[in-house]
Each structure stands twice: as structure tokens, then as C-alpha cells.
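Here's a quick briefing to read alongside the model. Have the sequence and the 3D view open, and follow the topics in order.

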Amino acid sequence: MSEAVWEAVWGRTDAARARARFALGLATGRDVQFGAAVALALSGDSRSAQPLAGDLAARFPEDTSVQTNYLPVLSAFRSLAANEPARALEALEANRPYEGATPAITFNWFFGGRYPLYLRGVALASLGRQREAVEELRKLLDRRGLLLADPLGALARVQLARAYAASGDLAQARASYQSFFDLAKDADPGLPLVEQARAELARLP
């Protein structure tokens, strides 16, 4: 399941979906279901993530991690996939009092804690509110002790660069792209996220 999330973040969608489904074939625990759903959503298959979210909601109605992190995150993914960023922001409000907290999955697998901030940034950027998007993404990246080794840190750097570029701050956009490339300097060749970021940087004026 953890591998599925990593594959999805770096853009290897087929591998992400295959690993997520393999994990679900082995176990249906709370964190496995959430991680698999995140991997599916990140790889563009939000429809397959929806039944997992529904099952989590039914099985864990009083679980703090599920109710304030997992379900808002999966709902936001679904809304963004439907091009409804305002609804994504509404869903993420449930996490607002807990955005500095560490959900259960982070203790075991070192990812999943900061996804609400990332998705809030993506939603704000989709609404044209680039400065607010930058603020949310900076909150995610500036507290590395909460981000830990989460692969989302790589994707967040690219998203931050996009927000800076859309706001007209090209110097900060280039700096954010460079931060990403520094992180990915030893990455396998041909990773989709790396190639996409390289193309975006090349198109900056």
C-alpha cells in the first residue's frame, strides 16, 4: 500500500493502481484502505476510491483519524476530480482544527498526515486564489518534522512552483522547481513527475 502511494506521487499510475489493488487483496484494515484509496485517487482513479471511503465511514464513525483526516481527504480528491474545488475546500474544513496533528497512518508508514494542506492548496489554486494556495503549501513544506519522509513533499514542491508561476512570481516559481529537482536528482530516469516539472520550468517566460 505504501509503495502504491509512492508510485502514484511520482506519476507511475499503472504501477500505483496495481499495488493498491494487490494490497486490498491482502487486507482491509483502516490504514490499508485509506492508503490504497489515496494511491488510486492520486493516479486518477477516484471512482475506485469512493467505495473505500464509504466503507471507512461506515466502519469507523467515531475514529478521529478517519473522521478528521481520511474522509475529508478522500472527499476532497473526489471533488477535485469532478472539477469542484469549492466543495473540496468545504470537505477539508473538518481537518482545520487538526491540521498540525498526526493521524494514525503516519506513525506506521510515514505518510498521510499533511494531505489536507496539499489538497487545500490545489483547490485554492484551481479557484485562482494563488497567494492563498502558496500559504497552504508553504505550511506543508515548512514543517518538515510533520511531513517526515512523505513522498507528498516532492509533489507539493511542484504544486507550489505552479502556484507561484500562476501568481506571476517567476523567481519563486523557479526556486521551487529547483528545490524539487534537487530532491529528485538521484531519481530513476523518466519518472513522469520529473519530466512534467522539467517541461513546465522550460515554458516559464
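The buried residues of helix H1 are Ser2, Ala4, Val5, Glu7, Ala8 and Val9, where buried means under 20% relative accessible area, exposed over 50% and partly exposed in between, using a 1.4 Å probe and protein chains only. A heads-up: this is a predicted model, local features need pLDDT of at least 70, side-chain atom pairs count only at pLDDT 80 or more, and totals for chains, interfaces and linings use all residues. Residues are numbered from 1 along each chain as its sequence is written, and side-chain values use heavy atoms, with hydrogens and water left out.

**Helix H1**

- Helices here are DSSP runs (H or I, at least four residues), numbered from the N terminus.
- What do the buried residues of H1 pack against? Their partners are helices H2 (13-26), H3 (30-42), H7 (104-109), H8 (115-126), H11 (152-167) and H13 (192-203), with contact taken as heavy atoms within 4.5 Å.
- After H1 comes Gly11, which has a positive phi, near 95 degrees.

**Salt bridges**

- You'll find 18 salt bridges in the structure, each one a side-chain nitrogen of Lys or Arg within 4 Å of a carboxyl oxygen of Asp or Glu.
- One of them pairs Arg21 with Asp45, with the closest N and O atoms 2.8 Å apart. This pair links distant parts of the chain, as Arg21 is in helix H2 and Asp45 sits 24 residues away in the loop between H3 and helix H4 (46-59).
- Is Asp45 buried or exposed? Asp45 is buried, at 13% relative accessible area, while Arg21 is partly exposed at 43%.
- Arg30 has a salt bridge with Asp31 (2.9 Å, N to O), and another with Asp63 (2.8 Å, N to O). The Arg30-Asp63 pair also joins distant parts of the chain: Arg30 belongs to helix H3, and Asp63 lies 33 residues away in the loop between H4 and helix H5 (64-81).
- Asp63 is buried, with a relative accessible area of 17%. Asp31 counts as buried too, at 11%, whereas Arg30 is partly exposed at 23%.
- Elsewhere, a network of salt bridges with shared partners takes in Glu93, Arg96, Glu99, Arg120, Glu136 and Lys139.

**Nonpolar core**

- The largest nonpolar core has 68 residues, and the members touching the most others are Trp10, Val38, Tyr118 and Phe180. Such a core is a set of buried Ala, Val, Leu, Ile, Met, Phe, Trp, Tyr and Cys residues joined through side-chain atoms within 4.5 Å.
- Which helix gives this core its largest share? That's H11, with 9 residues.
- Leaving aside residues up to four places away in sequence, Phe180 touches Trp10, Ala154, Arg157, Val158, Leu193, Val194 and Ala197.

**Aromatic pairs**

- The whole structure has 3 aromatic pairs. Rings of Phe, Tyr and Trp (its six-membered ring) pair if their centres lie within 6.5 Å; planes under 30 degrees apart count as stacked, over 60 as edge-to-face and the rest as tilted.
- Phe34 and Tyr70 make a stacked pair, 4.0 Å centre to centre with 5 degrees between the planes. Phe34 is in helix H3 and Tyr70 in helix H5, so the pair ties together parts 36 residues apart in sequence.
- Phe34 and Tyr70 are both buried.
- Trp10, Phe180 and Phe181 are linked into a cluster by ring pairs.

Conventions. Helices (H or I, at least four residues) and strands (E, at least two) are DSSP runs, numbered from the N terminus.
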